[in-house]
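Here are my notes on the model.

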Amino acid sequence: TRKGELDYPAAAQQMTNEVKAACEGAIAAGADYILVKDAHGSCRNIDVRQLPKCCEIIRCGTGSPRAMVEGIDESFDAAMFIGYHSPASKNGNPLSHTYSTKTTLITLNGEVCSEFMLYSYCCALYGVPTVFLSGDKMLTEDSQAMHPCLKTVAVKDGYGGYTRCKQPD
């Protein structure tokens, strides 16, 4: 998520590809409008020109507590989360964190809290079900029971300093 780093262009293209695939799946399921929130780092990680024409994108934030789901309201049919990672204190991949790599642990009602947990629950406050999550294997396994309609795809697995990624196509 850091522009200027050597591998940023490839990582941003991969994020775009994964978001595009999720959008195409939503369209195949009947969606005719999709709002994408580019939610990590600089919020300039997704090339909107490569997304289906029924998509709009929100970049950056407003300071609202909705942060990663900015724009959510009662009018949405479902929420999908792409490219998420294990929370701080977990070893799901080298980027396991919650908001900041300086955070060591955040809990919510006694449970270790991931960014996915926090923002999928935010969607639930608006009556919007979370139906899809892609990310590291630990997060997808830990999150399966959170939402009754949740489908997950583990696109990578990791431990400590390494990550094993699936071929993206």
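**Notes on helices, cores and rings**

1. Helix α1 covers residues 8–28, 21 residues in total. Its first and last C-alpha atoms lie 30 Å apart, close to the 30 Å expected at 1.5 Å a residue. The expected span is 1.5 Å times one less than the number of residues. Helices (H or I, at least four residues) and strands (E, at least two) are DSSP runs, numbered from the N terminus.

2. This is a predicted model: local features need pLDDT of at least 70, side-chain atom pairs count only at pLDDT 80 or more, and totals for chains, interfaces and linings use all residues. Residues are numbered from 1 along each chain as its sequence is written, and side-chain values use heavy atoms, with hydrogens and water left out.

3. Which residues of α1 are buried? They are Tyr8, Ala12, Thr16, Val19, Ala22, Cys23 and Ala26. Seen down the axis of α1, its buried residues fall within an arc of 130°, so they line one face of the helix. The arc is that of the directions from the helix axis to the C-beta atoms. Ala10 and Ala28 are exposed on the other side of α1. Buried means under 20% relative accessible area, exposed over 50%, and partly exposed in between (1.4 Å probe, protein chains only).

4. The cover over the buried residues of α1 includes β1 (34–37), β2 (55–58) and β3. Contact means heavy atoms within 4.5 Å. Just after α1, Gly30 has a positive phi of about 115°.

5. The largest nonpolar core has 18 residues. Val69, Phe81, Tyr84, Phe116, Tyr119, Cys123 and Leu133 touch the most other members. Two elements, β3 (79–84) and α2 (115–125), each give two or more residues to this core. Helix α2 gives the most, with 5 residues. A nonpolar core is a set of buried Ala, Val, Leu, Ile, Met, Phe, Trp, Tyr and Cys residues joined through side-chain atoms within 4.5 Å.

6. A second, separate core has 11 residues, including Val19, Cys23, Val36 and Leu51. Of these, Val19 and Cys23 are also among the buried residues of α1. In soluble globular proteins, nonpolar side chains tend to be buried together.

7. Now α2 itself. Its buried residues are Glu115, Phe116, Met117, Tyr119, Ser120, Cys122 and Cys123. They pack against β3, β4 (107–108), β5 (111–112), β6 (130–136) and α3 (137–143). After α2 comes Gly127, with a positive phi near 80°.

8. What does Phe116 touch, not counting residues up to four places away in sequence? The list is Phe81, Tyr84, Thr130, Leu133, Leu139, Ser143, Met146, His147 and Leu150.

9. The structure holds 3 aromatic pairs. The rings of Phe81 and Tyr84 have centres 5.3 Å apart and planes at 80°, so this pair is edge-to-face. The rings of Phe81 and Phe116 have centres 5.1 Å apart and planes at 90°, so this pair is edge-to-face. It links distant parts of the chain: Phe81 in strand β3 and Phe116 in helix α2 are 35 residues apart. Rings of Phe, Tyr and Trp (its six-membered ring) pair if their centres lie within 6.5 Å; planes under 30 degrees apart count as stacked, over 60 as edge-to-face and the rest as tilted.

10. Ring pairs link Phe81, Tyr84 and Phe116 into a cluster. Phe81 is buried at 2% relative accessible area, and Tyr84 is buried at 4%. Phe116 is buried too.

11. Asp142 sits in helix α3. It is partly exposed, with a relative accessible area of 43%. Asp142 and Met117 are 25 residues apart in sequence and 10.0 Å apart in space, C-alpha to C-alpha.
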